Amino acid sequence: LYAGTKYPAKALLRGSLMKTGGALVVGAAACLHLWRAAAHHLPQTTQFVSVVKGEGKIRLAEATIGADVTELLNACKIIVRGHVIADGIMSGQEIDPDSVVYGGLSSLAVLKKVDQPTPTPCISCGACNRVCPERLLPSYIIRALERGDLETAGELRIDACTGCGCCSYICPSGLPVGSNLQIGRELLQRQSAGAGSSGTGE
């Protein structure tokens, strides 16, 4: 199945596979760890991590789980003088360089420190709506969330958000649109779970 060229490819591919009845997606690194376990009875003690500095070349490193992130970056000849982002620049999160490598860590990016402008109110430009790879309407969903209207947020398919971060990146007001969508989606999931459990308690 061709993943296409749209961002984020992994989430879109997973969605396409689910529509066709589901499938198990196993990456190359996972296959290697499975082979080591089956052929040599070795537990997984390492994690393959893509390491990138700014817009430079990407290095693929095999790091010991539990090792210091700083130690890994130093091994890649990267000195931390800025932000360290784990699991993708667009949809990842900033971590402390003194934290440790954990199972599931896919990438580390070291970015220069840049003064972020103070967010300003939404100007209803619609830029977030135009760049959404899932063709959602983030600006409308956010307005519904601000009103506490989870039902409308659900009708606008907030659960289809992949967390790619395109909406936050494009927002001229510097608003954390993507983060707010994720919070709203979690609230809706909790509400749905609560409604389901209350309906079965007879």
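Biologist: In what order do the elements of the protein chain run from the N terminus on?
Modeller: This is a predicted model, where local features need pLDDT of at least 70 and side-chain atom pairs count only at pLDDT 80 or more, while totals for chains, interfaces and linings use all residues. Residues are numbered from 1 along each chain as its sequence is written, and side-chain values use heavy atoms, leaving out hydrogens and water. From the N terminus on, the order is α-α-β-β-α-β-β-β-α-α-α-α-α.

Biologist: What share of the 202 residues is buried?
Modeller: The test is relative accessible area, with a 1.4 Å probe and protein chains only: buried is under 20%, exposed is over 50%, and partly exposed is in between. Of the 202 residues in the protein chain, the buried share is 28%.

Biologist: Which residues touch the most other members of the largest nonpolar core?
Modeller: A nonpolar core is a set of buried Ala, Val, Leu, Ile, Met, Phe, Trp, Tyr and Cys residues, joined through side-chain atoms within 4.5 Å. The largest one has 16 residues. The members that touch the most others are Val51, Leu72, Leu73, Val84 and Leu108.

Biologist: Which element gives the largest share of this core?
Modeller: β1 (46-53), β2 (58-64), α3 (69-75), β3 (82-86) and β5 (107-112) each supply at least two of its residues. The largest share is 3 residues, and it comes from α3.

Biologist: How many residues are in the other core, the one with Cys128 and Ala144?
Modeller: This core lies apart from the largest one. Its members include Cys128, Ala144, Cys161 and Cys171. The number of residues in this core is 15.

Biologist: How far apart in space are Val52 and Ala109, C-alpha to C-alpha?
Modeller: Val52 lies in strand β1 and is buried, with a relative accessible area of 14%. Neighbours within four places aside, Val52 is in contact (heavy atoms within 4.5 Å) with Lys57, Ile58, Ile78, Leu108, Ala109 and Val110. Val52 and Ala109 are 57 residues apart in sequence, yet in space their C-alpha distance is 4.8 Å.

Biologist: Is Asn129 buried or exposed?
Modeller: Asn129 lies in helix α4. Leaving aside neighbours within four places in sequence, its contacts are Leu136, Leu137, Pro138, Ser139 and Tyr140. With a relative accessible area of 17%, Asn129 is buried.

Biologist: Which residue with a positive phi follows α5?
Modeller: Helix α5 covers residues 138-146, and its buried residues are Pro138, Ser139, Ile141, Ile142 and Ala144. After α5 comes a residue with a phi near 75°. That residue is Gly148.

Biologist: Which elements does the pair of Glu62 and Arg36 tie together?
Modeller: Side chains of opposite charge can pair when their charged atoms come close. Glu62 and Arg36 form a salt bridge (a side-chain nitrogen of Lys or Arg within 4 Å of a carboxyl oxygen of Asp or Glu), with the closest N and O atoms 2.7 Å apart. The two parts are 26 residues apart in sequence, and the pair ties together strand β2 and helix α2.

Biologist: Which helix holds both Glu186 and Arg190?
Modeller: Glu186 forms a salt bridge with Arg190, the closest N and O atoms being 3.9 Å apart. Glu186 is partly exposed at 40%, whereas Arg190 is exposed at 57%. The two are separated by about one helical turn because they are 4 residues apart in helix α8.

Biologist: How many salt bridges does the structure hold?
Modeller: One of them joins Asp149 and Arg147, with the closest N and O atoms 3.6 Å apart. There, Asp149 is partly exposed at 22% and Arg147 is exposed at 57%. The number of salt bridges in the structure is 3.

Biologist: What area does the nonpolar patch with Val131 have?
Modeller: Patch residues have over 30% relative accessible area and no salt bridge; like charges are joined within 9 Å, and nonpolar side chains (Val, Leu, Ile, Met, Phe, Trp, Tyr) within 5 Å. Val131, in helix α4 (residues 127-131), is partly exposed at 32%. Accessible areas come from the Shrake-Rupley method with a 1.4 Å probe, and for residues only the protein chains shown count as cover. Met90, Val131, Tyr169 and Ile170 make a patch of about 360 Å².
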